[in-house]
Amino acid sequence: MSAQSGSYVRIFDTTLRDGEQSPGATMASAEKLEVARVLARLGVDVIEAGFPAASPDDLSAVRRIAEDVGQGAGEDATPSGKPPSICGLARAHKGDIEKAWEAIKPAASPRIHTFLATSDIHLEHKLRLSREDVIARVGDMVAHAASLCDDVEFSPEDAGRSDPEFLYRVLATAIEAGARTLNIPDTVGYTVPEEFGRLIAGIRDNVPGVDKAVISVHCHNDLGLATANSLAGIQNGARQVEVAVNGIGERAGNTALEEIVMILATRRAALGLETGLDSTQITRASRLVSSCTGMFVQPNKAVVGANAFSHEAGIHQDGLLKNQETYEIMRPESVGAHQTRLVLGKHSGRHAVKARLSALGYDLSEEELGQAFERFKKLADKKKTITDADLEALVADELYQPREVYALESVQVACGTLGMATATVKLTDPNGESQTRAAVGEGPVDAAFKAVDDIVRADSRLLEFAVQAVTEGIDALGQVTVRVQGTGAALTLNPQHEGGGQRTFGGHGADVDIVVASVKAYLAALNRLLAAEDAVRHRQPTEAAAVRH
Ligand code: KIV
Ligand code: ZN
(Lines give C-alpha, C1' and ligand atoms only; values in the text may rest on other atoms or scores of the structure.)
(Ligands and ions follow the chains in the order given, each with its own letter.)
Protein backbone atom coordinates (compact mmCIF):
# COMPACT_ATOMS: atom_id res chain seq x y z
CA MET A 1 0.00 0.00 0.00
CA SER A 2 1.45 3.42 -0.91
CA ALA A 3 1.65 6.30 1.56
CA GLN A 4 -1.11 8.04 -0.42
CA SER A 5 -3.73 5.33 0.01
CA GLY A 6 -5.28 4.17 3.26
CA SER A 7 -7.86 6.04 5.24
CA TYR A 8 -5.71 7.47 8.07
CA VAL A 9 -4.97 11.20 7.86
CA ARG A 10 -2.14 12.37 10.14
CA ILE A 11 -2.71 15.61 12.01
CA PHE A 12 0.38 17.81 12.17
CA ASP A 13 -0.27 20.70 14.51
CA THR A 14 1.63 23.96 13.99
CA THR A 15 -0.12 26.12 16.60
CA LEU A 16 3.19 26.52 18.44
CA ARG A 17 5.18 27.45 15.32
CA ASP A 18 3.17 29.04 12.47
CA GLY A 19 0.44 29.98 14.96
CA GLU A 20 2.76 31.42 17.56
CA GLN A 21 4.58 33.55 15.00
CA SER A 22 1.40 35.42 14.05
CA PRO A 23 1.11 38.99 15.34
CA GLY A 24 0.44 39.13 19.07
CA ALA A 25 0.26 35.36 19.58
CA THR A 26 3.61 35.15 21.39
CA MET A 27 3.48 32.61 24.22
CA ALA A 28 5.78 32.11 27.17
CA SER A 29 7.63 28.80 27.49
CA ALA A 30 5.33 27.50 30.26
CA GLU A 31 2.28 28.30 28.14
CA LYS A 32 3.78 26.51 25.15
CA LEU A 33 4.32 23.43 27.28
CA GLU A 34 0.73 23.53 28.50
CA VAL A 35 -0.56 23.84 24.91
CA ALA A 36 1.68 20.91 23.87
CA ARG A 37 0.21 18.78 26.68
CA VAL A 38 -3.32 19.53 25.53
CA LEU A 39 -2.36 18.76 21.90
CA ALA A 40 -1.01 15.39 23.06
CA ARG A 41 -4.23 14.70 24.93
CA LEU A 42 -6.13 15.63 21.79
CA GLY A 43 -4.09 12.98 19.96
CA VAL A 44 -2.30 14.96 17.24
CA ASP A 45 0.32 12.86 15.45
CA VAL A 46 2.98 15.57 15.22
CA ILE A 47 3.51 18.75 17.24
CA GLU A 48 5.59 21.38 15.45
CA ALA A 49 6.89 22.90 18.65
CA GLY A 50 8.73 25.91 17.23
CA PHE A 51 11.61 27.28 15.18
CA PRO A 52 14.67 26.61 17.36
CA ALA A 53 17.08 28.78 15.32
CA ALA A 54 14.89 31.86 15.83
CA SER A 55 16.27 32.51 19.32
CA PRO A 56 17.71 30.71 22.35
CA ASP A 57 14.29 31.06 24.02
CA ASP A 58 12.61 29.30 21.13
CA LEU A 59 15.20 26.53 21.24
CA SER A 60 14.78 25.94 24.96
CA ALA A 61 10.96 26.00 24.72
CA VAL A 62 11.07 23.30 21.99
CA ARG A 63 13.55 21.26 24.01
CA ARG A 64 11.36 21.41 27.09
CA ILE A 65 8.42 20.10 25.07
CA ALA A 66 10.59 17.32 23.58
CA GLU A 67 11.73 16.28 27.07
CA ASP A 68 8.25 16.33 28.55
CA VAL A 69 5.43 15.66 26.07
CA GLY A 70 7.80 14.06 23.55
CA GLN A 71 8.95 11.49 26.08
CA GLY A 72 5.40 10.57 26.94
CA ALA A 73 4.78 12.50 30.16
CA GLY A 74 1.11 11.74 30.81
CA GLU A 75 1.09 9.44 27.78
CA ASP A 76 -1.80 7.44 29.21
CA ALA A 77 -3.81 10.58 28.47
CA THR A 78 -3.15 10.39 24.69
CA PRO A 79 -5.76 8.46 22.70
CA SER A 80 -3.13 6.09 21.25
CA GLY A 81 -1.12 5.75 24.48
CA LYS A 82 1.95 6.92 22.52
CA PRO A 83 3.63 10.34 22.68
CA PRO A 84 3.32 12.52 19.57
CA SER A 85 6.32 13.23 17.33
CA ILE A 86 7.99 16.52 18.19
CA CYS A 87 9.08 18.55 15.20
CA GLY A 88 11.38 21.55 14.89
CA LEU A 89 11.39 23.88 11.86
CA ALA A 90 14.66 24.78 10.13
CA ARG A 91 15.51 26.80 7.04
CA ALA A 92 17.63 24.82 4.58
CA HIS A 93 20.80 25.90 6.38
CA LYS A 94 23.17 23.64 8.29
CA GLY A 95 23.07 25.86 11.38
CA ASP A 96 19.26 25.89 11.55
CA ILE A 97 19.06 22.14 11.04
CA GLU A 98 21.57 21.48 13.80
CA LYS A 99 19.73 23.78 16.22
CA ALA A 100 16.44 22.03 15.40
CA TRP A 101 18.06 18.65 16.08
CA GLU A 102 19.56 19.86 19.36
CA ALA A 103 16.09 20.93 20.50
CA ILE A 104 14.07 17.88 19.46
CA LYS A 105 16.44 14.98 20.01
CA PRO A 106 15.19 14.14 23.53
CA ALA A 107 11.79 13.21 22.07
CA ALA A 108 10.91 9.55 21.47
CA SER A 109 9.96 10.43 17.86
CA PRO A 110 11.80 13.57 16.75
CA ARG A 111 11.23 15.14 13.33
CA ILE A 112 13.19 17.84 11.47
CA HIS A 113 11.13 19.98 9.10
CA THR A 114 13.26 21.90 6.63
CA PHE A 115 12.06 24.20 3.87
CA LEU A 116 13.23 26.18 0.85
CA ALA A 117 11.13 28.29 -1.52
CA THR A 118 10.53 27.02 -5.06
CA SER A 119 8.42 29.73 -6.75
CA ASP A 120 10.19 31.95 -9.29
CA ILE A 121 9.12 35.07 -7.42
CA HIS A 122 10.84 33.83 -4.23
CA LEU A 123 13.91 32.56 -6.11
CA GLU A 124 14.40 35.82 -7.93
CA HIS A 125 13.57 38.42 -5.30
CA LYS A 126 14.12 36.72 -1.94
CA LEU A 127 16.70 33.97 -2.31
CA ARG A 128 18.55 35.12 -5.45
CA LEU A 129 19.12 31.47 -6.35
CA SER A 130 18.77 29.67 -9.68
CA ARG A 131 16.57 26.59 -9.97
CA GLU A 132 19.69 24.41 -10.13
CA ASP A 133 21.00 26.04 -6.92
CA VAL A 134 17.70 25.14 -5.24
CA ILE A 135 17.90 21.50 -6.33
CA ALA A 136 21.48 21.26 -5.04
CA ARG A 137 20.65 22.94 -1.71
CA VAL A 138 17.59 20.74 -1.13
CA GLY A 139 19.63 17.58 -1.80
CA ASP A 140 22.42 18.67 0.57
CA MET A 141 20.27 19.98 3.38
CA VAL A 142 17.73 17.15 3.42
CA ALA A 143 20.64 14.68 3.43
CA HIS A 144 22.23 16.59 6.33
CA ALA A 145 18.96 16.51 8.28
CA ALA A 146 18.56 12.78 7.50
CA SER A 147 22.08 12.11 8.79
CA LEU A 148 20.91 13.41 12.19
CA CYS A 149 17.29 12.31 12.38
CA ASP A 150 15.36 9.38 10.86
CA ASP A 151 12.25 11.42 10.29
CA VAL A 152 12.69 14.38 7.92
CA GLU A 153 9.97 16.53 6.39
CA PHE A 154 10.66 18.85 3.47
CA SER A 155 8.52 21.81 2.33
CA PRO A 156 8.91 23.69 -0.95
CA GLU A 157 7.78 27.09 0.31
CA ASP A 158 5.24 28.85 -1.95
CA ALA A 159 4.53 25.56 -3.74
CA GLY A 160 1.07 26.91 -4.62
CA ARG A 161 2.72 29.44 -7.00
CA SER A 162 5.58 27.20 -8.19
CA ASP A 163 6.00 25.65 -11.64
CA PRO A 164 4.73 22.05 -11.15
CA GLU A 165 7.41 20.49 -13.37
CA PHE A 166 10.17 22.16 -11.31
CA LEU A 167 8.37 21.18 -8.10
CA TYR A 168 8.39 17.50 -9.15
CA ARG A 169 12.18 17.64 -9.61
CA VAL A 170 12.70 19.31 -6.22
CA LEU A 171 10.48 16.78 -4.47
CA ALA A 172 12.17 13.81 -6.16
CA THR A 173 15.52 15.21 -4.94
CA ALA A 174 14.18 15.54 -1.39
CA ILE A 175 12.92 11.92 -1.40
CA GLU A 176 16.23 10.68 -2.74
CA ALA A 177 18.06 12.58 0.04
CA GLY A 178 15.89 10.97 2.73
CA ALA A 179 12.70 13.02 3.22
CA ARG A 180 9.80 10.88 4.45
CA THR A 181 7.16 13.61 4.33
CA LEU A 182 6.67 16.08 1.48
CA ASN A 183 4.68 19.04 2.74
CA ILE A 184 3.07 21.19 0.05
CA PRO A 185 2.41 24.71 1.33
CA ASP A 186 0.09 27.25 -0.21
CA THR A 187 2.18 29.81 1.66
CA VAL A 188 0.27 32.90 0.57
CA GLY A 189 -3.24 31.35 0.44
CA TYR A 190 -3.54 31.98 -3.28
CA THR A 191 -4.90 28.77 -4.75
CA VAL A 192 -8.52 27.61 -5.09
CA PRO A 193 -9.59 24.08 -4.10
CA GLU A 194 -9.83 22.48 -7.54
CA GLU A 195 -6.41 23.89 -8.49
CA PHE A 196 -4.75 22.86 -5.22
CA GLY A 197 -6.28 19.37 -5.48
CA ARG A 198 -4.85 19.09 -9.01
CA LEU A 199 -1.40 20.13 -7.74
CA ILE A 200 -1.47 17.31 -5.15
CA ALA A 201 -2.71 14.76 -7.70
CA GLY A 202 0.09 15.87 -10.04
CA ILE A 203 2.67 15.27 -7.31
CA ARG A 204 1.15 11.89 -6.47
CA ASP A 205 1.26 10.84 -10.16
CA ASN A 206 4.53 12.39 -11.37
CA VAL A 207 7.18 12.49 -8.65
CA PRO A 208 9.57 9.53 -8.88
CA GLY A 209 9.72 7.63 -5.56
CA VAL A 210 6.69 9.41 -4.12
CA ASP A 211 5.30 6.09 -2.82
CA LYS A 212 8.00 6.17 -0.13
CA ALA A 213 6.78 9.50 1.27
CA VAL A 214 3.66 10.88 2.87
CA ILE A 215 2.24 13.90 1.03
CA SER A 216 1.18 16.67 3.39
CA VAL A 217 -0.72 19.94 2.87
CA HIS A 218 -0.21 23.30 4.59
CA CYS A 219 -2.70 25.95 3.50
CA HIS A 220 -3.02 29.59 4.51
CA ASN A 221 -6.34 31.34 4.75
CA ASP A 222 -5.78 34.64 2.91
CA LEU A 223 -8.86 34.07 0.73
CA GLY A 224 -10.78 32.09 3.35
CA LEU A 225 -10.03 28.83 1.50
CA ALA A 226 -7.50 27.13 3.78
CA THR A 227 -9.82 24.37 4.98
CA ALA A 228 -11.36 23.80 1.53
CA ASN A 229 -7.90 23.63 -0.06
CA SER A 230 -6.62 21.22 2.59
CA LEU A 231 -9.64 18.99 2.06
CA ALA A 232 -9.07 19.04 -1.71
CA GLY A 233 -5.45 18.02 -1.06
CA ILE A 234 -6.54 15.13 1.16
CA GLN A 235 -9.05 13.95 -1.43
CA ASN A 236 -6.24 13.84 -3.97
CA GLY A 237 -3.83 11.75 -1.92
CA ALA A 238 -2.40 13.87 0.92
CA ARG A 239 -2.34 11.84 4.15
CA GLN A 240 -1.03 14.53 6.47
CA VAL A 241 -2.64 17.92 7.04
CA GLU A 242 -0.97 20.82 8.81
CA VAL A 243 -3.32 22.76 11.05
CA ALA A 244 -3.48 25.18 13.97
CA VAL A 245 -5.99 25.38 16.80
CA ASN A 246 -8.50 28.20 16.13
CA GLY A 247 -6.84 28.58 12.70
CA ILE A 248 -4.18 30.93 14.05
CA GLY A 249 -1.10 31.57 11.91
CA GLU A 250 0.66 34.04 9.66
CA ARG A 251 -1.66 36.83 8.40
CA ALA A 252 -5.17 35.33 7.99
CA GLY A 253 -3.97 32.11 9.59
CA ASN A 254 -3.68 28.39 8.84
CA THR A 255 -6.22 25.64 8.31
CA ALA A 256 -8.15 25.26 11.57
CA LEU A 257 -7.55 21.94 13.33
CA GLU A 258 -11.11 21.78 14.60
CA GLU A 259 -12.58 22.26 11.11
CA ILE A 260 -10.59 19.53 9.38
CA VAL A 261 -11.06 17.05 12.22
CA MET A 262 -14.81 17.61 12.41
CA ILE A 263 -15.23 17.51 8.61
CA LEU A 264 -13.53 14.12 8.50
CA ALA A 265 -15.54 12.85 11.49
CA THR A 266 -18.95 14.28 10.49
CA ARG A 267 -18.67 13.29 6.82
CA ARG A 268 -16.89 9.99 7.42
CA ALA A 269 -19.42 7.99 5.42
CA ALA A 270 -18.95 10.21 2.37
CA LEU A 271 -15.18 10.71 2.61
CA GLY A 272 -14.04 7.38 4.07
CA LEU A 273 -11.18 9.06 5.99
CA GLU A 274 -10.30 9.22 9.67
CA THR A 275 -7.92 10.81 12.18
CA GLY A 276 -6.70 9.53 15.54
CA LEU A 277 -8.05 12.52 17.45
CA ASP A 278 -10.25 12.57 20.54
CA SER A 279 -12.52 15.35 19.33
CA THR A 280 -14.02 15.86 22.80
CA GLN A 281 -10.81 17.74 23.73
CA ILE A 282 -11.28 20.34 20.96
CA THR A 283 -13.13 22.99 22.98
CA ARG A 284 -10.62 22.79 25.77
CA ALA A 285 -7.71 23.19 23.34
CA SER A 286 -9.44 26.13 21.69
CA ARG A 287 -10.01 27.93 25.00
CA LEU A 288 -6.48 27.29 26.15
CA VAL A 289 -4.94 28.64 22.94
CA SER A 290 -7.22 31.66 23.06
CA SER A 291 -6.23 32.36 26.69
CA CYS A 292 -2.51 31.88 26.11
CA THR A 293 -2.38 34.04 22.98
CA GLY A 294 -4.96 36.62 24.04
CA MET A 295 -6.68 36.07 20.66
CA PHE A 296 -10.47 35.83 20.94
CA VAL A 297 -12.34 33.31 18.83
CA GLN A 298 -15.01 35.03 16.72
CA PRO A 299 -18.49 33.99 17.98
CA ASN A 300 -19.55 32.57 14.60
CA LYS A 301 -16.33 30.55 14.12
CA ALA A 302 -17.07 27.00 12.90
CA VAL A 303 -16.93 24.31 15.64
CA VAL A 304 -15.41 26.43 18.45
CA GLY A 305 -17.21 29.80 18.24
CA ALA A 306 -19.52 30.72 21.13
CA ASN A 307 -22.51 30.53 18.74
CA ALA A 308 -21.47 27.32 16.97
CA PHE A 309 -24.16 25.37 18.84
CA SER A 310 -26.61 28.19 19.70
CA HIS A 311 -29.95 28.37 17.97
CA GLU A 312 -31.76 31.68 18.06
CA ALA A 313 -34.49 31.56 15.42
CA GLY A 314 -37.81 30.28 16.78
CA ILE A 315 -38.32 27.95 13.84
CA HIS A 316 -34.91 26.35 14.48
CA GLN A 317 -35.58 25.95 18.19
CA ASP A 318 -38.92 24.34 17.43
CA GLY A 319 -37.27 21.89 15.02
CA LEU A 320 -34.53 21.05 17.50
CA LEU A 321 -37.00 20.28 20.25
CA LYS A 322 -38.70 17.81 17.92
CA ASN A 323 -35.47 16.24 16.69
CA GLN A 324 -31.92 17.54 17.22
CA GLU A 325 -30.86 16.42 13.77
CA THR A 326 -33.17 18.98 12.15
CA TYR A 327 -30.61 21.73 12.68
CA GLU A 328 -27.57 20.08 14.29
CA ILE A 329 -25.02 18.15 12.24
CA MET A 330 -22.66 17.65 15.20
CA ARG A 331 -23.44 17.25 18.88
CA PRO A 332 -21.81 19.83 21.16
CA GLU A 333 -20.60 16.91 23.32
CA SER A 334 -18.60 15.56 20.37
CA VAL A 335 -16.28 18.58 20.61
CA GLY A 336 -16.49 18.88 24.41
CA ALA A 337 -18.68 21.99 24.21
CA HIS A 338 -21.47 20.87 26.51
CA GLN A 339 -22.26 23.19 29.40
CA THR A 340 -22.69 21.35 32.65
CA ARG A 341 -24.00 23.52 35.42
CA LEU A 342 -22.08 22.84 38.55
CA VAL A 343 -24.41 22.60 41.45
CA LEU A 344 -21.63 23.87 43.61
CA GLY A 345 -21.74 26.92 45.77
CA LYS A 346 -19.81 28.49 48.57
CA HIS A 347 -20.40 25.45 50.78
CA SER A 348 -18.92 23.05 48.25
CA GLY A 349 -15.64 21.39 49.00
CA ARG A 350 -12.28 21.23 47.34
CA HIS A 351 -12.90 17.60 46.43
CA ALA A 352 -15.96 18.40 44.30
CA VAL A 353 -14.09 21.15 42.45
CA LYS A 354 -11.14 18.83 41.90
CA ALA A 355 -13.43 16.11 40.52
CA ARG A 356 -15.11 18.51 38.08
CA LEU A 357 -11.79 19.95 36.90
CA SER A 358 -10.45 16.47 36.41
CA ALA A 359 -13.55 15.52 34.35
CA LEU A 360 -12.81 18.59 32.22
CA GLY A 361 -9.27 17.30 31.68
CA TYR A 362 -7.37 19.53 34.15
CA ASP A 363 -5.02 17.52 36.34
CA LEU A 364 -3.72 20.18 38.67
CA SER A 365 -0.96 19.96 41.23
CA GLU A 366 -2.02 20.45 44.87
CA GLU A 367 -0.71 24.02 44.75
CA GLU A 368 -2.55 24.84 41.53
CA LEU A 369 -5.71 23.25 42.88
CA GLY A 370 -5.38 25.33 46.05
CA GLN A 371 -5.22 28.53 43.96
CA ALA A 372 -8.11 27.46 41.74
CA PHE A 373 -10.21 26.57 44.80
CA GLU A 374 -9.56 29.95 46.42
CA ARG A 375 -10.77 31.68 43.27
CA PHE A 376 -13.74 29.33 42.98
CA LYS A 377 -14.83 30.26 46.52
CA LYS A 378 -14.55 33.97 45.77
CA LEU A 379 -16.58 33.52 42.61
CA ALA A 380 -19.19 31.38 44.37
CA ASP A 381 -19.70 34.27 46.80
CA LYS A 382 -20.74 36.48 43.91
CA LYS A 383 -22.33 34.09 41.43
CA LYS A 384 -25.06 31.53 42.08
CA THR A 385 -24.43 28.99 39.33
CA ILE A 386 -20.99 28.20 38.08
CA THR A 387 -20.66 26.56 34.70
CA ASP A 388 -17.78 24.59 33.29
CA ALA A 389 -16.89 27.62 31.17
CA ASP A 390 -16.60 29.76 34.34
CA LEU A 391 -14.41 27.15 35.96
CA GLU A 392 -12.18 26.86 32.90
CA ALA A 393 -11.85 30.66 32.69
CA LEU A 394 -10.77 30.73 36.35
CA VAL A 395 -8.17 28.04 35.81
CA ALA A 396 -6.86 29.65 32.62
CA ASP A 397 -6.65 32.98 34.40
CA GLU A 398 -4.64 31.44 37.21
CA LEU A 399 -2.38 29.05 35.37
CA TYR A 400 -1.73 30.43 31.94
CA GLN A 401 -0.38 33.81 32.81
CA PRO A 402 3.10 34.96 31.81
CA ARG A 403 5.89 35.35 34.35
CA GLU A 404 4.89 38.22 36.60
CA VAL A 405 7.32 41.10 36.21
CA TYR A 406 4.73 43.37 37.83
CA ALA A 407 1.94 41.76 39.93
CA LEU A 408 -1.46 43.24 40.68
CA GLU A 409 -2.14 43.87 44.36
CA SER A 410 -5.31 45.96 44.14
CA VAL A 411 -7.36 48.27 41.97
CA GLN A 412 -10.08 50.68 43.05
CA VAL A 413 -12.13 52.94 40.78
CA ALA A 414 -14.71 55.72 41.12
CA CYS A 415 -16.79 56.51 38.05
CA GLY A 416 -20.23 57.57 36.91
CA THR A 417 -22.00 60.51 35.31
CA LEU A 418 -20.76 63.22 37.66
CA GLY A 419 -17.17 63.63 36.48
CA MET A 420 -14.00 62.02 35.22
CA ALA A 421 -13.33 58.46 36.35
CA THR A 422 -10.49 57.95 38.79
CA ALA A 423 -8.52 54.80 39.55
CA THR A 424 -5.96 53.82 42.15
CA VAL A 425 -3.75 50.86 41.29
CA LYS A 426 -1.25 49.07 43.53
CA LEU A 427 1.35 46.78 41.91
CA THR A 428 4.34 44.82 43.19
CA ASP A 429 7.39 45.82 41.16
CA PRO A 430 10.26 43.49 40.11
CA ASN A 431 12.11 44.34 43.37
CA GLY A 432 9.17 43.17 45.46
CA GLU A 433 8.20 46.75 46.43
CA SER A 434 4.58 47.96 46.37
CA GLN A 435 3.93 50.89 44.06
CA THR A 436 0.68 52.86 44.15
CA ARG A 437 -0.53 55.44 41.63
CA ALA A 438 -3.80 57.22 40.97
CA ALA A 439 -4.98 58.58 37.62
CA VAL A 440 -8.05 60.10 35.98
CA GLY A 441 -9.37 58.95 32.62
CA GLU A 442 -12.25 58.93 30.16
CA GLY A 443 -13.69 55.91 31.94
CA PRO A 444 -12.66 53.51 34.71
CA VAL A 445 -10.61 51.27 32.42
CA ASP A 446 -8.78 54.23 30.85
CA ALA A 447 -8.01 55.63 34.32
CA ALA A 448 -6.80 52.25 35.60
CA PHE A 449 -4.57 51.71 32.54
CA LYS A 450 -3.07 55.19 32.99
CA ALA A 451 -2.24 54.37 36.62
CA VAL A 452 -0.61 51.09 35.49
CA ASP A 453 1.38 52.98 32.81
CA ASP A 454 2.61 55.41 35.42
CA ILE A 455 4.13 52.52 37.42
CA VAL A 456 5.34 50.20 34.63
CA ARG A 457 6.55 52.87 32.18
CA ALA A 458 6.89 50.37 29.31
CA ASP A 459 7.55 51.58 25.76
CA SER A 460 4.18 50.45 24.49
CA ARG A 461 0.93 51.38 22.81
CA LEU A 462 -2.49 49.81 23.42
CA LEU A 463 -3.79 48.39 20.12
CA GLU A 464 -6.88 46.43 21.06
CA PHE A 465 -9.18 45.97 24.01
CA ALA A 466 -12.14 43.56 24.03
CA VAL A 467 -14.54 42.35 26.73
CA GLN A 468 -16.63 39.19 26.54
CA ALA A 469 -18.98 37.53 29.01
CA VAL A 470 -17.95 33.92 29.67
CA THR A 471 -21.55 32.88 30.33
CA GLU A 472 -24.97 34.51 30.25
CA GLY A 473 -26.52 36.57 33.05
CA ILE A 474 -25.84 39.76 34.95
CA ASP A 475 -23.38 38.01 37.27
CA ALA A 476 -21.36 36.57 34.35
CA LEU A 477 -17.62 36.35 34.58
CA GLY A 478 -16.05 38.95 32.28
CA GLN A 479 -13.14 37.94 30.10
CA VAL A 480 -10.92 40.68 28.69
CA THR A 481 -8.22 40.46 26.05
CA VAL A 482 -5.84 43.24 25.15
CA ARG A 483 -3.08 43.59 22.61
CA VAL A 484 -0.19 46.00 23.07
CA GLN A 485 2.60 46.95 20.71
CA GLY A 486 6.17 47.52 21.83
CA THR A 487 7.41 50.92 20.70
CA GLY A 488 11.02 50.53 21.87
CA ALA A 489 13.92 49.67 19.56
CA ALA A 490 14.42 46.23 21.18
CA LEU A 491 11.08 45.02 19.82
CA THR A 492 11.50 46.08 16.21
CA LEU A 493 11.05 43.17 13.81
CA ASN A 494 13.80 42.43 11.33
CA PRO A 495 12.62 44.07 8.06
CA GLN A 496 14.36 41.48 5.89
CA HIS A 497 13.02 38.36 7.52
CA GLU A 498 10.12 39.40 9.69
CA GLY A 499 8.56 42.12 7.54
CA GLY A 500 9.55 45.01 9.84
CA GLY A 501 7.23 46.82 12.25
CA GLN A 502 6.98 46.29 15.99
CA ARG A 503 6.20 43.11 17.94
CA THR A 504 2.79 42.88 19.60
CA PHE A 505 1.75 41.01 22.74
CA GLY A 506 -1.61 39.73 23.94
CA GLY A 507 -2.93 39.34 27.47
CA HIS A 508 -6.13 38.06 29.03
CA GLY A 509 -7.83 38.36 32.39
CA ALA A 510 -11.08 37.08 33.91
CA ASP A 511 -13.07 38.41 36.84
CA VAL A 512 -16.66 39.24 37.74
CA ASP A 513 -15.49 42.85 37.86
CA ILE A 514 -14.53 43.88 34.34
CA VAL A 515 -12.22 46.68 35.49
CA VAL A 516 -10.23 44.11 37.49
CA ALA A 517 -10.29 41.71 34.50
CA SER A 518 -9.07 44.56 32.28
CA VAL A 519 -6.15 45.47 34.53
CA LYS A 520 -5.14 41.80 34.77
CA ALA A 521 -5.23 41.48 30.98
CA TYR A 522 -3.27 44.70 30.44
CA LEU A 523 -0.66 43.69 32.96
CA ALA A 524 -0.32 40.22 31.39
CA ALA A 525 0.37 41.81 27.98
CA LEU A 526 2.86 44.28 29.49
CA ASN A 527 4.59 41.46 31.41
CA ARG A 528 5.04 39.56 28.13
CA LEU A 529 6.42 42.67 26.47
CA LEU A 530 8.87 43.31 29.33
CA ALA A 531 10.02 39.67 29.33
CA ALA A 532 10.61 39.84 25.55
CA GLU A 533 12.60 43.07 25.89
CA ASP A 534 14.64 41.47 28.61
CA ALA A 535 15.31 38.38 26.46
CA VAL A 536 16.44 40.53 23.51
CA ARG A 537 18.77 42.59 25.71
CA HIS A 538 20.44 39.47 27.11
CA ARG A 539 20.97 37.85 23.73
CA GLN A 540 24.21 37.76 21.73
CA PRO A 541 24.20 40.28 18.83
CA THR A 542 24.11 37.53 16.15
CA GLU A 543 21.31 35.73 17.91
CA ALA A 544 19.36 38.96 18.34
CA ALA A 545 19.23 39.15 14.56
CA ALA A 546 17.94 35.57 14.32
CA VAL A 547 14.79 35.23 12.35
CA ARG A 548 11.41 33.72 12.28
CA HIS A 549 10.93 32.33 8.79
O1 KIV B 1 3.54 28.68 4.93
C2 KIV B 1 4.62 28.11 4.75
O3 KIV B 1 5.13 27.98 3.63
C4 KIV B 1 5.29 27.57 5.93
C5 KIV B 1 6.41 26.62 5.66
C6 KIV B 1 7.54 26.84 6.57
C7 KIV B 1 5.89 25.22 5.71
O8 KIV B 1 4.89 27.81 7.03
ZN1 ZN C 1 2.79 28.56 6.96
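Start by selecting Met-262, which sits in helix H10, residues 257–266. Keep in mind that this is a predicted model. Is Met-262 buried or exposed? Met-262 has a relative accessible area of 5%, so it counts as buried, since the cut-off for buried is under 20%.

Now show what surrounds it. Beyond its neighbours within four places in sequence, Met-262 is in contact with Arg-267, Ser-279, Ile-282, Val-303, Met-330, Ser-334 and Val-335. Pick Ser-334 from that list. Ser-334 is 72 residues from Met-262 along the chain, yet their C-alpha atoms are 9.1 Å apart.

Next, turn to charged side chains. Side chains of opposite charge can pair when their charged atoms come close. How many salt bridges are there? The count is 30.

Select Lys-32 and Glu-20. They form a salt bridge, with the closest N and O atoms 3.8 Å apart. Lys-32 lies in helix H2 (residues 29–42) and Glu-20 in the loop between helix H1 (15–19) and H2, so the pair ties together parts 12 residues apart in sequence. Both Lys-32 and Glu-20 are buried.

Move on to Arg-331 and Glu-333. Their side chains meet in a salt bridge, 3.5 Å from N to O. Arg-331 is partly exposed at 30% relative accessible area, and Glu-333 is partly exposed at 35%.

Then select Glu-366 and Lys-354. Here the closest N and O atoms of the salt bridge are 3.7 Å apart. Lys-354 is partly exposed, at 40%.

Finish with Arg-17, Asp-18 and Glu-48, which are linked in a network of salt bridges.

Technical notes: Residues numbered from 1 in each chain as written. Chains lettered and ligands numbered in written order. Predicted model: local features only at pLDDT ≥ 70, side-chain atom pairs only at ≥ 80, totals over all residues. Heavy atoms only, no water. Helix = DSSP H or I, 4+ residues; strand = E, 2+ residues; numbered from the N terminus. Buried < 20%, exposed > 50% of the residue type's maximum accessible area, 1.4 Å probe, protein only. Contact = heavy atoms within 4.5 Å. Salt bridge = Lys/Arg side-chain N within 4 Å of Asp/Glu carboxyl O.
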